[in-house]
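Visitor: I have the sequence and the model open side by side, and I would like to go through a few of the contacts with you. Could you take me through them step by step?

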Amino acid sequence: MTRDAYEPVIGMEIHAELRTKSKMFCGCPVVDTTVAEPNSAICPVCTALPGAMPVVNREAVAQAMMVGLALNCTINESSIFARKNYFYPDLPKGYQISQYDFPLATAGWIEVTPEGGEPVRIGITRAHMEEDTAKSEHYPAIWQETDAYTLVDFNRSGVPLLEIVSEPDMHSTAEALAYGTAIREILRYLGVNSGDMEKGVLRFEANVSVRPLGSETLGTRTEIKNLNSFRALVQASEYEIERQIGVLEAGGQVVQETLGWDAARGVTYSQRSKEHAHDYRYFPEPDLPPLHIDPAWVDEVRGALPELPAVKYERFTTALGLPENDARILVGERALADYFEAALAAYGGDPSEISKWVVGELSFLMNRDGVGIGDVKVAPDALSRLVTLLVKGTINQNGAKDVLGSMFETGRPPDEIVKEKGLVQISDSDALAAVVQEVIDENPDEVRTYLAGKATLLQWFMGQVMRKTRGRAKPPVVLALLRERLGEPESAG
Amino acid sequence: MDLHSLTIRAAHDLLREGKITSVELTGAVLDRIAKVDPAVRAYVTVCHDEAMAEAATADARLRSGEDVTLLTGIPYGVKDCLSTNGVRTTCSSAILEDYVPRYDATAISRLREAGAVLVGKHNMDEFGMGSSCENSALFNTHNPWDLARVPGGSSGGSAAAVAADMGLFSLGEDTGGSVRMPAGFCGVTGLKPTYGRVSRYGLIALASSFDSIGPFAHDVRDAALVTEVIAGHDPMDSTSTTAAVPDYAACMDRDLRGVRLGIPEEYFALGIDPGVDRAVRAAIDQLADLGAEVVPVSLPHTKYAIPIYYLILTAEASSNLARFDGVRYGLSLPEGGADVIDRYLQTRERGFGDEVKRRIMLGTFALSAGYYDAYYLRAQRVRTLLRQDFERAFEQVDALIAPVCPTTAFKIGEKIDDPLQMYLSDIHVVAANPGGVCALAVPCGFSEGLPVGMQVIGPPLGEPTVFRIGDAYQGATEWHLARPGVEGMSYD
């Protein structure tokens, strides 16, 4: 059999840090652990001093509910925190407070569309709250100086985490990628996670198995941990699918185990087998009563949910008639979509005229200078004014790009720049007629050639007029004048 | 006048009237400790200088007359499992022998705010695991009534300190009888409040769903006024109740007419020493004389109390004690470099005593995959039955009367090699914790020269009822006034 004879089955677990001011169970601020002074945001609770006790962060629950609702989950009126027991230096209590058999959100779904494919529905098993661990930093031995050692930074200890567990509903790495991308987009839309994967605020795990095409039973799965980029997600899953098919083809059996991903070598490697799986000895956290959620609170959170990416995309492409590519780019970042809508509100014409400029020249300038949409100096209504000037013919395409460049640098209004640069198009026939006559008078040879039948020279005359007017002449007017003054060329042939 | 043997109320009157100062009172208690404690060994740490400074501050507060509470200037000690900012807190364990907390437990900070003066920390069974103080990794504490005997446990030091007048009151902690049992053995009054009545924040946890901080005092009125100060909701402890704290003194009424008392038959069928049985039955007669109606009741699931308690306790304790790993504080072995597994193994091997290791292993087993349903989950289900026993009983009666312990204080060394015998000494006190009720221990006589204790068990948040009954009893009896003659005694 070949690769085509097998169907991959992928389920995903996504760990997302929530973007709260304080930690999950104490009042310590949540800081950017990649820049903050180590152990500068810690207290008795998140370092597990004897006697310290957890208190649930209400904002974290609210954010977790937002995600649950956005993923079409049921928010359970009663959920229970549980202790997951294991020893590790970055886990100060010797247990992680998580949720186990009674999570906050269950039984949801989202629809995702892989690149070039059909939309698929991915089931969401559950979304539950837990706390992040501290961060261990390992230092190697220096010969004849120090032994290897490890330092622990507790700034991250107790940062709220949401774990989103999918059903094994994905059947290609493209679908896994689409799902991961969609979850990241939703989290960013809700403002509960920055999506900065390089900062580790979003981490993937993929459960991968394969089965003969048409089979209903699941094959033995492996779990690939700590996939910290989309690239790693796709490459590791792809590698694992191929590896498992290879094992089966060779007559072997896939071993249930936990794997790591070696990005440098491009291979998965075994971390622990099923026999050595941790027994986490879950039991209900006696320091926290069951979490009761008033249905009125759920309604309140639901009412405050922003428009989600899929709905926005639908509206942009149908109601606004945007090209699919424009819509996809705009929806990809909530702030960009908001910018577009603000510009559109001040416009009134064809929405795709605005989207073209937002995803085109403006995005080009932003990328060139590494400026985010939040820091762009061009106000949305200034952009719509620029587009209006272009559509009305006050300026031409090149002029508009020029003006936008200045707006981008200075934040000044377009009218001011157009005036200053003298970019207003000359559409006055009398003024342009003099220029056209000048060009004809100065180029008798070209006039002859043209009249002799080389009709394409008309564009050359156009260029001469443009040069003399520094691009401000309105092309249709010039063309009409040239035809009138030059007369008809002899038909070629 | 022996200042160290005053009740809180008597001392407060003298302080208020300016007849004595807190510096004098605290000094007297510290002198008493210096004199008596070498024999009793209740204190793990005595904070002499800090106490004298706090006493001076209290005196200034008393002189100004502003914000004076009944506890302002009153010296006390506390079981060494409550975190005290800047004062070593050992849990009587080698693993925490040098641990100094950087924050106060809520109960401690409430006493500080009231102006009480902390004189030191009391010996206990390591992490609260034991009934005799013999499981302390530091030293044994001796019963002031007979230095060859145990003070009870696990809050043995806190009971012995009050019995021997080394503090006007103390705070203990009761997970399965650890306040009541030593109160009974030492002849003092002790309360296990309703779970959640007193914040656990800063209490080094044994079993999080049972742990209750409660006072030891010379009488019920003193115990009630201390409870009133430490009780009440704490935002730092999500399991603390939001119910308002009653004015306990206002609930006292020495006439017990209209009060119905239940005598749980199962508690008297447990092989009680004749001397204990006699004293408790006499006390019940006394309560009847005060007007109470006495009726028999049944708590049919009592026999499951010990297994339920030990399954849930060991499960929770195995998890609670995981933080003692040698990484951040406390004992950390070996000296110098080691890999992390080695550090865990050596630190915990040397840092924990036998009983602690036994319970960690039992609890780890009870929570393990494949055993969780049969042990932990089943224990939780039977716990519900135990709770329902109490609910049904309290539909008929206002409180239950029972012995604290089937025997008086046993000899040091007598049961230490037989853990099961040791566990069974808690048989009368243990059910109150999984049962979710409150219970008061009051002295009710002597058997062969050793104190006997009576329990008054009340429904959840029934502290006003048990205080009223205990206080009425003490109004009619003098057992709580008896003091051991520890002067000049020594123990080798």
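Visitor: How many residues of chain A are in contact with chain B, and how many of chain B with chain A?
Guide: This is a predicted model, so the counts are computed from predicted coordinates. By class, the side of chain A that touches chain B has four polar, six charged and 15 nonpolar residues. Counting both partners, the contact joins 25 residues of chain A to 32 residues of chain B.

Visitor: Are helix 9 and helix 10 of chain A roughly parallel or antiparallel to each other?
Guide: The axes of helix 9 (residues 380-392) and helix 10 (residues 397-410) of chain A come within 10 Å and cross at roughly 160 degrees. Angles over 145 degrees count as roughly antiparallel. Helix 9 of chain A and helix 10 of chain A are therefore roughly antiparallel.

Visitor: Which residues of helix 9 and helix 10 of chain A make the contact?
Guide: By class, this contact of helix 9 with helix 10 of chain A has seven nonpolar residues, one polar residue and no charged residues. Helix 9 of chain A contributes Ala382(A), Leu386(A) and Leu390(A), while helix 10 of chain A contributes Gln397(A), Ala400(A), Val403(A), Leu404(A) and Met407(A).

Visitor: Is Glu185(A) buried or exposed, or partly exposed?
Guide: Glu185(A) lies in helix 2 (residues 173-189) of chain A, and, leaving aside residues up to four places away in sequence, Glu185(A) touches Pro309(A) and Gly332(A). A residue counts as buried if 20 or more other C-beta atoms lie within 10 Å of its own, and as exposed if 12 or fewer do. Because Glu185(A) has 19 other C-beta atoms within 10 Å, Glu185(A) is partly exposed.

How values were computed:
Residues are numbered from 1 along each chain as its sequence is written. Chains are lettered from A and ligands numbered from 1 in the order in which they are written. This is a predicted model: local features need pLDDT of at least 70, side-chain atom pairs count only at pLDDT 80 or more; totals for chains, interfaces and linings use all residues. Two residues are in contact if their C-beta atoms, placed from the backbone, lie within 7 Å. Ala, Val, Leu, Ile, Met, Phe, Trp, Tyr, Cys and Pro count as nonpolar, Asp, Glu, Lys and Arg as charged, and the others, Gly among them, as polar. Axes are lines fitted to C-alpha atoms, for helices over the stretch in contact, and angles run from 0 to 180 degrees between N-to-C directions. Helices (H or I, at least four residues) and strands (E, at least two) are DSSP runs, numbered from the N terminus. Angles under 35 degrees count as roughly parallel, over 145 as roughly antiparallel, 65 to 115 as roughly perpendicular and the rest as oblique.
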